[in-house]
Amino acid sequence: MVDVSKWPLFCLLSTEELAMVRQACVFGTSANEAIYITHGNEVFALGLNCSSCLGTGDSLSTIVPKKLDFLRGKKVVSLSYGSGPHIVLATEDGQIFAWGHNGYSQLGNGNTNQGLSPVLVTANLQNKKVKEVSCGSHHSMALTQDGEVFAWGYNNCGQIGSGSTANQPYPRKVTSCLQGKTAVGITCGQTSSMALVDNGEVYGWGYNGNGQLGIGNNGNQLTPCRLAALQGMCIQQVVSGYGHCLALTDEGLLYAWGANTYGQLGTGNKTNNLSPVQIMADKERIVEVAACHSTHTSAAKTQSGQVYMWGQCRSQSIVLPHLTHFTNTDDVFACFATPSVMWRLMSMEHDDFLTVSEALRKEFDSPETADLKFSVDGKCIHVHKAVLKIRCEHFRSMFRSQWTEDQQDVIEIGQFSYPVYRSFLQFLYTDTVDLPPEDAIGLLDLATSYCENRLKRLCQQIIKRGITVENAFTLLSAAIRYDAEDLEEFCFRFCVNHLTQVTQTGAFWQVDGAMLKEFISRASRCGAFKN
């Protein structure tokens, strides 16, 4: 499952807000802007807001997500961004909205005024339903449901495909070699454009200085040109990087061409390729490829779920596909791309599948599946013998030997309180502890008795984080009693640092005389009573 919090901006969201995210996109020259859509189809934006790219109606940055009311209730099916940045998105009903940088009319509204808020793009698209959008540096493309391609914006290299280099202020249908063909996919490099048609052919136009059009030369093309080198292959997916392209065939073969300064073609060198060259031929079938016009990073996923990355990865040039520990290509861009943008509008997998850890967490104290009960303070806690045996040596011994408990359906616990014992059992299912410092003392006692060293360390952390003047001496007493030397030293230092207040608490005077005498003696040796 994709973890959106791997992108630093999303660390600003609460757990509850993260759970509401259905789709997300991180973009910008420093990956400092983000847009996300909730399960309720509400659109939010946060970040630096360069060129008013957040669509919030102003140019102010924000670390608090702001709702884009204009898009409320509209289900987003495609979203892309430029380098300005500008944003173009398509909704389920086929409409296009755009905002942000507009110096080259890349918003398609006929002017060059910056777009502070989302505006509907309608020119030349009446009665057309758009299903996909893609942005280059300062130009935009749209793919309609009937397979037509429209382009607009910056056209200095012919990336609009109009036959000239004049900027295009409104969406214009791309024709020439695409006339009569049904496109099924589009992608943009910085100043180049690509289209995939339903018979598996690929067409490219625009800037070609690094061979990113894959046509065998490095001359710019003002109209679409077919990639003849891919003749006879049925391409299923094409993606564009800053100046390179990757194409995946229906047989799972991967081809790359264009710029290779950072090894982004994965050929083992840094030489540009003017025509497609096969890579990863020795690997298993490829099922997905990834690239983004604002990075020089490439990624691919194989049939068995292995994820490879190459190109510019954290400022290193990786010239051959490198096997990672990631489970999806999105994580490559989160952790290694420069900037760490998203290469696509990312969708969260919110299905019914549970990981092992999630399933264990869910089944803790579940009467439906449990085969054992603990009774503590008259309350029952439902557990599973197998889990306890796997997770705890104490229970492994209990259920493996001739202990009387091994034959019981209900085990009585009298040594520990209900909150403490329940927290202990829950820890065995979740690896976490959620207790106030005062109860953590009892759990520390249990952890010591059961020789659970990791739990003991967690309890000490809870106590350290929750220490106050009021409870400091109680916690110090517990640390001494349970032989937690590190915790004892921490609590002692806290008491000494706040000596006047601590000595005025009830806990200080309720402690037994021997311990009180030892504390005063030790504090004196530390100079606590010197004027």
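Helix 9 and helix 10 touch through a set of side-by-side residues: Ala472, Phe473, Leu475, Leu476, Ala479 and Ile480 in helix 9 meet Leu487, Glu488, Cys491, Phe492, Phe494 and Cys495 in helix 10. Contact here means heavy atoms within 4.5 Å. This is a predicted model, where local features need pLDDT of at least 70 and side-chain atom pairs count only at pLDDT 80 or more, while totals for chains, interfaces and linings use all residues. Residues are numbered from 1 along each chain as its sequence is written, and side-chain values use heavy atoms, with hydrogens and water left out.

**Helix 9 and helix 10**

- Helices (H or I, at least four residues) and strands (E, at least two) are DSSP runs, numbered from the N terminus.
- The contact of helix 9 with helix 10 splits into 11 nonpolar residues, no polar ones and 1 charged. For the sorting, Ala, Val, Leu, Ile, Met, Phe, Trp, Tyr, Cys and Pro count as nonpolar, Asp, Glu, Lys and Arg as charged, and the others, Gly among them, as polar.
- The two axes, helix 9's and helix 10's, come within 8 Å and cross at roughly 155°. Axes are lines fitted to C-alpha atoms, for helices over the stretch in contact, and angles run from 0 to 180 degrees between N-to-C directions.
- Helix 9 and helix 10 are therefore roughly antiparallel. The scale goes like this: under 35 degrees is roughly parallel, over 145 roughly antiparallel, 65 to 115 roughly perpendicular, and the rest oblique.
- Helix 9 passes helix 10 in a left-handed crossing. Left-handed means the near helix is turned anticlockwise from the far one by less than a right angle, and right-handed means clockwise.
- Between these helices, helix 9 (472-481) and helix 10 (485-497), there's a loop that holds aspartate 483. Aspartate 483 isn't a glycine, yet its phi is positive, about 55°. With 55% relative accessibility, aspartate 483 counts as exposed (over 50%; buried is under 20%, and partly exposed is in between, using a 1.4 Å probe and protein chains only).

**Helix 6 and helix 7**

- The axes of helix 6 and helix 7 come within 9 Å and cross at roughly 60°. That makes helix 6 oblique to helix 7.
- The crossing of helix 6 and helix 7 is right-handed.
- Pro419, Val420, Tyr421, Ser423 and Phe424 in helix 6 meet Asp439, Gly442, Leu443 and Leu446 in helix 7. That contact has 6 nonpolar residues, 2 polar and 1 charged.
- Aspartate 431 sits in the loop between helix 6 (418-430) and helix 7 (437-449). Its phi is near 65°, a positive value in a residue other than glycine, and at 37% relative accessibility aspartate 431 counts as partly exposed.

**Cis peptide bonds**

- Most residues other than glycine have a negative phi, and most peptide bonds are trans.
- Glycine 84 and proline 85 are joined by a cis bond, with omega near -5°. Look for proline 85 in the loop between strand 5 (76-81) and strand 6 (86-91).
- Threonine 338 and proline 339 are linked by a cis bond too, with omega about -5°. Proline 339 lies in the loop between helix 2 (329-336) and strand 25 (346-347).

- Strands pair if DSSP finds at least two bridges between them.
- Strand 1 (residues 21-27) pairs with strand 25 over 2 bridges in the antiparallel sense. Alanine 24 has methionine 346 in strand 25 as its bridge partner.
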